[in-house]
Amino acid sequence: MEKSIFTRIMEGEIPAKVEYEDEQVIVIHDIAPKARVHLLIIPRKPIATLMDVTPEDLPLIGHIHQVAQTLAKKLELPGFRLINNCGKEGGQEVFHIHYHFLAGFTE
Ligand code: 5GP
């Protein structure tokens, strides 16, 4: 599989504003934000889409939800949206699984 743009960001080939990272995920600011806060939670493992997640990946999917909690606390956000676009029909453009973390809709 060709390296995704997100793998290239993780490898430092392409710059991005990093908000958080650990051994399983990286969180960057979306280049074209759709809300005051628009982050992308991206697993280091290059899974193409949510439909490619296997039972062994489920702890990682749980971890993404924990990271969303961490971000909300860190950025003092009272609420947020966590969105996964799955497949072309679901509006997915980058085929390396990621969750959009959006907040700041009432400002
Ligand atoms: P998708 O439509 O696949 O769910 O979302 C892909 C997201 O990645 C889009 O919101 C798009 O703005 C963002 N994106 C695409 N290329 C880059 C990039 O090079 N850097 C950053 N930070 N975000 C990107």
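Reader: How many aromatic pairs does a search of the whole structure find?

Author: The model is a predicted one, and a search through the whole of it finds one aromatic pair. The partners are Phe-80 and Phe-101, whose rings are stacked, with 4.7 Å from centre to centre and 20° between the planes.

Reader: Where in the chain do Phe-80 and Phe-101 sit?

Author: Phe-80 belongs to the loop between α2 (58–74) and β4 (81–83), while Phe-101 is part of strand β5 (residues 99–103), so that the pair links distant parts of the chain, 21 residues apart.

Reader: And Phe-101, is that buried or exposed?

Author: Phe-101 counts as buried because its relative accessibility is 0%. Phe-80, by contrast, is partly exposed, with a relative accessible area of 37%.

Reader: OK, then what is Phe-101 in contact with, leaving aside its neighbours within four places in sequence?

Author: With those neighbours left aside, the contacts of Phe-101 include Val-37, His-38, Leu-39 and Ile-41, then Ala-68, Leu-71 and Ala-72, and also Leu-77, Phe-80, Arg-81 and Leu-82. Arg-81 also lies over the face of another ring, that of Phe-105, at 3.8 Å from the ring centre.

Reader: Which residues touch the most other members of the largest nonpolar core?

Author: Those are Ile-41, Leu-71 and Phe-101, in a core of 18 residues. At least two residues of this core come from each of β2 (25–29), β3 (37–43), α2 and β5, and α2 gives the most, with seven residues. There is also a second, separate core of seven residues, and Met-10, Ile-28, Leu-40 and Ile-42 are among them.

Reader: Switching to the ligand, which residues come nearest?

Author: Of the 16 residues around the ligand, the nearest are Asp-30, Glu-93, Val-94, His-98 and His-100. On the backbone side, an N or O atom of Glu-93 lies 2.7 Å from a ligand oxygen atom, and a polar backbone atom of Val-94 is 2.8 Å from an oxygen atom of the ligand. A nitrogen atom of the ligand, in turn, has a backbone N or O atom of His-29 at 2.9 Å.

Reader: You listed His-98 there; where is its place, and what does it touch?

Author: His-98 is in the loop between β4 and β5, and it counts as buried because its relative accessibility is 6%. Not counting residues up to four places away in sequence, His-98 touches Phe-6, Leu-40, Ile-41, Ile-42, Pro-43, Ile-83 and Asn-84. A polar atom of the His-98 side chain also lies 2.7 Å from the backbone oxygen of His-96.

Reader: What about Gln-92, buried or exposed?

Author: Gln-92 is found in the loop between β4 and β5, and with a relative accessible area of 5% it is buried. Its side chain reaches the backbone nitrogen of Gly-87 at 2.7 Å, and a polar atom of that side chain lies 3.0 Å from the backbone oxygen of Ala-48. If residues up to four places away in sequence are not counted, Gln-92 touches Ala-48, Thr-49, Asn-85, Cys-86 and Gly-87.

Reader: Last one: what is the phi of Glu-76?

Author: Glu-76 has a positive phi of about 55°, although it is not a glycine. Glu-76 is in the loop between α2 and β4, and it counts as exposed because its relative accessibility is 71%.

Conventions:
Residues numbered from 1 in each chain as written. Predicted model: local features only at pLDDT ≥ 70, side-chain atom pairs only at ≥ 80, totals over all residues. Heavy atoms only, no water. Phe/Tyr/Trp six-rings, centres within 6.5 Å; stacked < 30°, edge-to-face > 60°. Helix = DSSP H or I, 4+ residues; strand = E, 2+ residues; numbered from the N terminus. Buried < 20%, exposed > 50% of the residue type's maximum accessible area, 1.4 Å probe, protein only. Lys NZ or Arg CZ within 6 Å of the ring centre and 35° of its normal. Core = buried A, V, L, I, M, F, W, Y, C linked by side-chain atoms within 4.5 Å. Contact = heavy atoms within 4.5 Å. Near = heavy atom within 4 Å. Polar contact = N/O pair within 3.5 Å; in protein donor to acceptor, adjacent residues only side chain to side chain.
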